[in-house]
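Biologist: I am new to this structure and would like to learn how to read its features one at a time. Could we begin with what a contact is, and then move on to other terms?

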Amino acid sequence: MSRRADVAEGTGQKRSGRLTFVSAVTGFYAILALLSGLAVITLNDFAGDFLPPGLGGIMVVLALVAVLFGVLFVAVAYGVWHGTSWGRSLGFAVHVPPVVGSVPLLVGGLLWVVPSLVLSGSALYFLYDERAAFQ
């Protein structure tokens, strides 16, 4: 178990391994989302002349959404790591879409969404189960 400093009392408090898992998974998602946004921006810059008209604007919107989710994932990882209540609330908000979005894709036969479903589902369960750590 890792330790986190309790600011009010100056004592160390043990952090649950579950919260460390949630922070690590969320940080991993942040890296993936930010790299996806960077890849779309790079593709648009270098291959933008060869894209059909109108697709460049869609790619810019996709890049902005990826960067937005990347920043949200970074904020959640930071908030959960430090045990803030807003980190837990925002964690629910960013881990529900991967779970809900994975279900129709899984029903359609796309098995590559199983890791996202399992990781985000575990993160949601751990955030719910560790609610006492955020009091």
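Modeller: Contact means that heavy atoms lie within 4.5 Å. Leaving aside neighbours within four places in sequence, Val 74 is in contact with Ala 30 and Leu 34. Please keep in mind that this is a predicted model, in which local features need pLDDT of at least 70 and side-chain atom pairs count only at pLDDT 80 or more, while totals for chains, interfaces and linings use all residues. Residues are numbered from 1 along each chain as its sequence is written, and side-chain values use heavy atoms, with hydrogens and water left out.

Biologist: Where is the place of Val 74, and is Val 74 buried, partly exposed or exposed?

Modeller: Helices are DSSP runs of H or I with at least four residues, strands are runs of E with at least two, and both are numbered from the N terminus; the place of Val 74 is in helix α2. For accessibility, buried means under 20% relative accessible area, exposed means over 50%, and partly exposed lies in between, with a 1.4 Å probe and protein chains only. Val 74 has a relative accessible area of 43%, so it is partly exposed. The C-alpha atoms of Val 74 and Leu 127 are separated by 16 Å, and these residues are 53 residues apart along the chain.

Biologist: Which residues does Gly 37 contact, leaving aside its neighbours within four places in sequence?

Modeller: Gly 37, which lies in helix α1, is in contact with Ala 63, Ala 66 and Val 67 once those neighbours are left aside. The C-alpha atoms of Gly 37 and Ala 63 are separated by 4.3 Å, although the two residues are 26 residues apart along the chain. Gly 37 is buried because its relative accessible area is 0%. Thr 26 also lies in helix α1, and with a relative accessible area of 0% it is buried; not counting residues up to four places away in sequence, Thr 26 touches Phe 73, Val 76, Ala 77 and His 95.

Biologist: How should I read a nonpolar core, and how many residues does the largest one have?

Modeller: In soluble globular proteins, nonpolar side chains tend to be buried together. A nonpolar core is a set of buried Ala, Val, Leu, Ile, Met, Phe, Trp, Tyr and Cys residues joined through side-chain atoms within 4.5 Å. The largest one here has 14 residues, and those with the most contacts inside it are Val 22, Phe 73, Val 80, Leu 127 and Phe 134. Helices α1 (17–47), α2 (55–81) and α4 (114–129) each supply at least two residues of this core, and α1 gives the most, with six residues. Leu 127 touches Val 22, Val 80, Arg 88, Gly 91, Phe 92 and Phe 134, when residues up to four places away in sequence are not counted.

Biologist: What does the side chain of Ser 102 reach?

Modeller: A polar contact is a pair of N or O atoms within 3.5 Å; within protein, one must be able to donate a hydrogen and the other to accept it, and residues adjacent in sequence count only if both atoms are side-chain atoms. The side chain of Ser 102 reaches the backbone oxygen of Pro 98 at 2.4 Å. Ser 102 is found in helix α3 (residues 85–107), and it is buried, with a relative accessible area of 4%. Not counting residues up to four places away in sequence, Ser 102 touches Pro 97, Val 113, Ser 116 and Leu 117.
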